[in-house]
Amino acid sequence: MMASSSPTIDQTSVVCMVLPLVAITVTSFRLYCRIQHGRLWFDDLWATFAMIFTFALLVIDWLYLQNYENYSQGVRVALYYMICQFFYAVVWCSRISILLTVVQLAVPGTLRKVLTFTTVTFVIAWAVLFAQVWWTCESEPSWKSQPRPQCDLGRNVSIAQIITDVFGDIILILAPFRLIYKVKLTKARKIRILAIFSTSAITTVVSLTHAYYVLSDGGLKEAIAAMVETSMSLIVANLSVVVAFFLRMSTEDDTCSPAQLPFARVRTFGSQPMRRHIKDPLTTTLIGVETITIRTDLPETCCRTLQNGNTDDISFNSIEGKQSVGELWRAYNVLL
């Protein structure tokens, strides 16, 4: 029973190797999707930072767990400190990436300013947690003499982690609700978008588990919980882009067939007949305006193709009613 409840070094090493590799793979695919569509933004930059820190954490964790006997005691202590700080770096870079994705969707105004300011508070929370590790561990340096050094972070660190994690994840869940509520999309599409962003709740559960091991047990269980939290944080940060890629690809396959392009022509006259005077005063010319109404259930590639055609005007109408082109374009380009 004891052997099954306490992970071994090899088991811990496998978890600390596999999960980061999965997170790195998902992030690489996310960046490929954004580069392919020419939509790189600041949220991708922070996701890249998180991926770099994840790779560094993977390497350092391996050295700390498997080859610590080959290093001096000072190097072992340095490896432990790097593990602690890279853990915070991955978690908070991932959260900032998610928040900036929401900022990218928001139109200029009060909500966007509030979300941008919230990004600064995330950086401050990260800095506080970063510093807390130093003053907690340096105040009781006896742990540095252990064969595999590990500081007893204790109650204060676990409480600080719980407060900041819950605070950050609540913002990441509620901010998209506020944003999507104002956009005229179908109910099914709203649910799908909000479900993607609500996956931040997964990191809350994992972070609470990690905080519990920091407070009560520590050891290898704490190391595994920390690696699960970092990997899940990075994976969740990429879901909005990766899921949207597959949804867009599925939509294009279903609706972008050249033989079944669903649009209708409507001939109208945009204004009163216009008279253009030429040399013969008895001759007039009537000029008509032809518009094309395109259904909004077309994917982005079809809309772009039609826009590049020889049409005089394109108007977008949703099933639920009219909405601005900016709202639709933002929803299709960034989310779906």
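A: Happy to! Let's begin with Arg-30 and Asp-44, whose side chains meet in a salt bridge at 2.8 Å, N to O. A salt bridge here is a side-chain nitrogen of Lys or Arg within 4 Å of a carboxyl oxygen of Asp or Glu. The pair links distant parts of the chain, with Arg-30 in helix H2 (residues 9-36) and Asp-44 in helix H3, 14 residues apart. One caution: this is a predicted model, where local features need pLDDT of at least 70 and side-chain atom pairs count only at pLDDT 80 or more, while totals for chains, interfaces and linings use all residues. Residues are numbered from 1 along each chain as its sequence is written, and side-chain values use heavy atoms, with hydrogens and water left out.

Q: Is Arg-30 buried or exposed?

A: Arg-30 counts as buried because its relative accessibility is 0%. Asp-44 is buried too, at 2%. The cut-offs are under 20% relative accessible area for buried, over 50% for exposed and partly exposed in between (1.4 Å probe, protein chains only).

Q: Which residues are linked in a network with Arg-30?

A: Salt bridges link Arg-30, Arg-34, Asp-43 and Asp-44 in a network.

Q: And how many salt bridges does the count come to?

A: Seven. Another of them joins the side chains of Arg-95 and Asp-165, at 3.1 Å from N to O. Arg-95 lies in helix H4 and Asp-165 in helix H6 (residues 154-181), so this pair ties together parts that are 70 residues apart in sequence. Arg-95 counts as buried at 3% relative accessibility, and Asp-165 does at 4%.

Q: What about Lys-144 and Glu-138?

A: Their side chains meet in a salt bridge at 2.9 Å, N to O. Lys-144 is partly exposed at 23% relative accessibility, and Glu-138 is partly exposed at 37%.

Q: Switching topic, what's the overall make-up of the chain?

A: There are 11 helices and three strands. These are DSSP runs numbered from the N terminus: helices are H or I with at least four residues, strands E with at least two. Going from the N terminus, the order is α-α-α-α-α-α-α-α-α-β-β-α-β-α. Of the 336 residues, 42% are buried.

Q: How much space lies in the largest pocket?

A: About 310 Å³. Of the 20 residues lining this pocket, Tyr-80, Ile-83, Glu-222, Ala-223 and Ala-226 are the closest to its centre. On a 1 Å grid over the protein atoms alone, a pocket is an open set of points with protein on both sides within 12 Å along at least five of seven lines, a cavity is a set where a 1.4 Å probe fits but cannot get out, and lining residues have an atom within 4 Å of a point.

Q: Which element gives the largest share of that lining?

A: H9, with six residues.

Q: How many cavities does the search find?

A: Four of 30 Å³ or more, across the whole structure. The second largest cavity has a volume of about 50 Å³, and its lining includes Ile-98, Phe-197, Val-236 and Ser-240. H9 gives the most there as well, with four residues.

Q: Last one: is Phe-117 buried or exposed?

A: Phe-117 counts as exposed because its relative accessibility is 56%. The residue is found in helix H5 (residues 110-139).

Terms used. Grid points are joined across faces, edges and corners, and a volume is the space filled by probe spheres set on the points.
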